[in-house]
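User: Could you walk me through this structure?

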Amino acid sequence: MGGERAGRGRRTPARMIAYATSGAVLLAGCASMPDSGDLRGVESTPRQDAQVRVFAMPPSKDASPPQILQGFLEALTSDDPDYRTARQYLTAEAAEAWRPELSTTVLADGPGTQADPPGREDSGEVSFTLTGEKVATVDARQAYASATGPYNKLVHLTQDAKSGQWRIDRVPQGVVMGKSDFQRNYMSVSKYYFASSAVGAAADGPPMAVADPVYVRSHVEPTTQMVRSLLGGPTAWLDPVVRSSFPEGVALHEDAGPLTADDRGKLTVSLNDKAAGTGIRQCKEMAAQLLFTLRNLSPAVEEVELRADGKQLCSLSQETTGTVADRGSLSSPDYLYFLDEEHGLVRIAAGGNGTQPYPVPGALGEGGTPLRSVAVSRDERTAAGVAFDGGKLYVGSIVPGGSLGEPVLSSRGKSEDDRLTAPSWDAQGGLWAADRDPADPRLFLLEDGAGEPLEVRTPGLDGRIQAVRVAADGVRIALVVEKGDRRSLMIGRIERSGTNGREGPAGPAEKTGARPTVTVLQMRPATPELEKVTAMSWTGDSRLVVVGREEGGVEQMRYVEVDGSVPEVPQPAALTGVEAVTASADEQMPLVAHSVDGIVRLPSGAQWQKVTEGTAPVYPG
């Protein structure tokens, strides 16, 4: 496959590559060549290029077993929508039983092949073992997950007694390919659902949109794929904490063809009768889910119209989605906050060129209490700061003349590094922080930033929390977890019970006064290859910026997706001596870091620039 070939000897062309240039289609590597137009040489696995389409070639009549297997593996990496050509390498029974949509296994160097045992072609049947080292899998719901370990799957071929042609009669379910082919064939796109009431979504405001990243085939009607994926429901990991406004059983109408926007940017989506009779508010939420999902995939989509039973249900434009649902990354911060040389809270305009910091109004900026780390609520009305010795957490309003009050959380750790982490605010105004005391390490939540701290359950956590950051949607949390000499970035799912009307052991919480139970579940690694993560921050809806180093390597800064995959975007410019990094949910805001040069920022398309002296920079959140 591509540069990762299985098998040796004579090759049978298994793919043809089409280049769309000025309306013409150029083919290379085909059994039959066009009689006009320019030809150009191509790599068997082409580089990333939106203009390149790769199509599979059917087996030749005299193909040997190794060539049949090679042709099948090549066909898996083509842009054939239904793998029709790949099925031609299978017997009729095997083609009917094979389900390529069940999974995609990604190998480091593509599948190798081993004859098992060799030299049995004269018997009319032969077996091969596909081998490789796994790096990732994509499941039936298109969810990506990092993977490790060997890959060994048996493929069996048989020779037809009449025609003498070889075909595969036993094949592993799903699809397998190398990493380079996966990067060319697939792209990461987020679909959107809403935070369920059980995780703290505001009952009197618009629902909070939550990104659910999946991988789809980039050249096979990606808009239609994403709409089908959205209607099919969230990935298994996110499902317990989100809801969809689409009625159960809703799907595209059976007569719906490939989905494309018209020349005015309007996309019409025809649904089956399960959507008939949908109310206007629910329909608008459905349209918002579609617009959020398609925003980065198809920028041309400016409006969505939903139809069912031959009638229009509703329509919604991109510019009015904010009246229907809240999406964290569409909100821009007013200020960037950090600590000055006196360890007081100061701020400058976010994204601007100003370098002169001003004290934040209120006790944390004007009260003279030295701070170690800070966080500012997403509405920029309240701030939280950890005292310079790391032992106490204070909360204060960002208003002139406000008093500091008593600490809302304290630690008994013996050293500064064994006390409180930097705090983090969630979308509902909750304040999170971890106590790193080795004798009693715990994760805490202060609802509305005040009151008695609520201890958050962390079943399955293997190590001590060193850093906490909550996503803008309030249902996902990033934790740096230390175990021994290793510091790993983990992503957890926040679940709540006994609150917001959800029944607890004694009935609804608002009637009994019972406190909610908050749990972080199913923590999964986001950067398994990094041995020591030293700083991290959310950026956008499903992406983080991380500072760390691989075993024996140098410090590096990179973007990672919440599912552990690496996005196909330019990585941040190198920066040494990074102590902290912060990014806004609004991806248009520059990255900001604390390094050996003080506070520095990275404008789009530029190099790191010094802002001023200071430490602990944060955007709201």
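Predicted model: local features only at pLDDT ≥ 70, side-chain atom pairs only at ≥ 80, totals over all residues.

User: How many helices and strands does the chain have?

Analyst: The chain has eight helices and 41 strands, where helices (H or I, at least four residues) and strands (E, at least two) are DSSP runs numbered from the N terminus. Of its 621 residues, 53% count as buried, with buried meaning under 20% relative accessible area, exposed over 50% and partly exposed in between (1.4 Å probe, protein chains only).

User: And how many cavities turn up in the whole structure?

Analyst: The search finds four cavities of 30 Å³ or more. A cavity here is a set of points, on a 1 Å grid over the protein atoms alone, where a 1.4 Å probe fits but cannot get out, and lining residues have an atom within 4 Å of a point. Grid points are joined across faces, edges and corners, and a volume is the space filled by probe spheres set on the points.

User: What lines the largest cavity?

Analyst: The largest cavity, with a volume of about 210 Å³, is lined by 22 residues, and Ser 537, Trp 538, Ala 583, Pro 620 and Gly 621 lie nearest its centre. Strands that each supply at least two residues of this lining include β34 (530-538) and β41 (615-618). By class, the lining has 14 nonpolar, six polar and two charged residues, counting Ala, Val, Leu, Ile, Met, Phe, Trp, Tyr, Cys and Pro as nonpolar, Asp, Glu, Lys and Arg as charged, and the others, Gly among them, as polar.

User: What about the second largest cavity, which strand gives the largest share of its lining?

Analyst: That is strand β12 (residues 209-217), which contributes three residues. The second largest cavity has a volume of about 80 Å³, and its lining has seven nonpolar, one polar and four charged residues, the lining residues including Asp 212, Arg 476, Arg 524 and Asp 563.

User: Switching to sheets, how do β29 and β30 run?

Analyst: Strands β29 (residues 476-483) and β30 (residues 486-497) run antiparallel and are joined by eight bridges, two strands being paired if DSSP finds at least two bridges between them. Ile 477 stands opposite Gly 492 in β30, and in the hairpin, which has two residues between the strands, Gly 484 takes a positive phi near 65°. β30 also pairs in the antiparallel sense with β33 (residues 517-525), over seven bridges, with Ile 494 opposite Val 520 in β33.

User: Which strands stand at the edges in the β24 to β27 sheet?

Analyst: This open sheet of four strands has the order β24-β25-β26-β27, with antiparallel pairing. β24 (424-425) and β27 (454-456) stand at the edges, each with a single partner strand, so one side of each is left without a neighbour in the sheet.

User: Last topic: is Asp 309, with its positive phi, buried or exposed?

Analyst: Asp 309 has a positive phi of about 55° although it is not a glycine, and at 56% relative accessibility it counts as exposed. Its place is in the loop between β15 (303-308) and β16 (311-317).

User: Where is Glu 380 found?

Analyst: Glu 380 is in the loop between β20 and β21 (382-387). Its phi is positive too, at about 60°, and at 13% relative accessibility Glu 380 counts as buried.

Definitions and conventions. Residues numbered from 1 in each chain as written. Heavy atoms only, no water. 1 Å grid on protein atoms, 1.4 Å probe; cavity = no way out; pocket = protein on both sides within 12 Å on 5 of 7 lines; lining within 4 Å.
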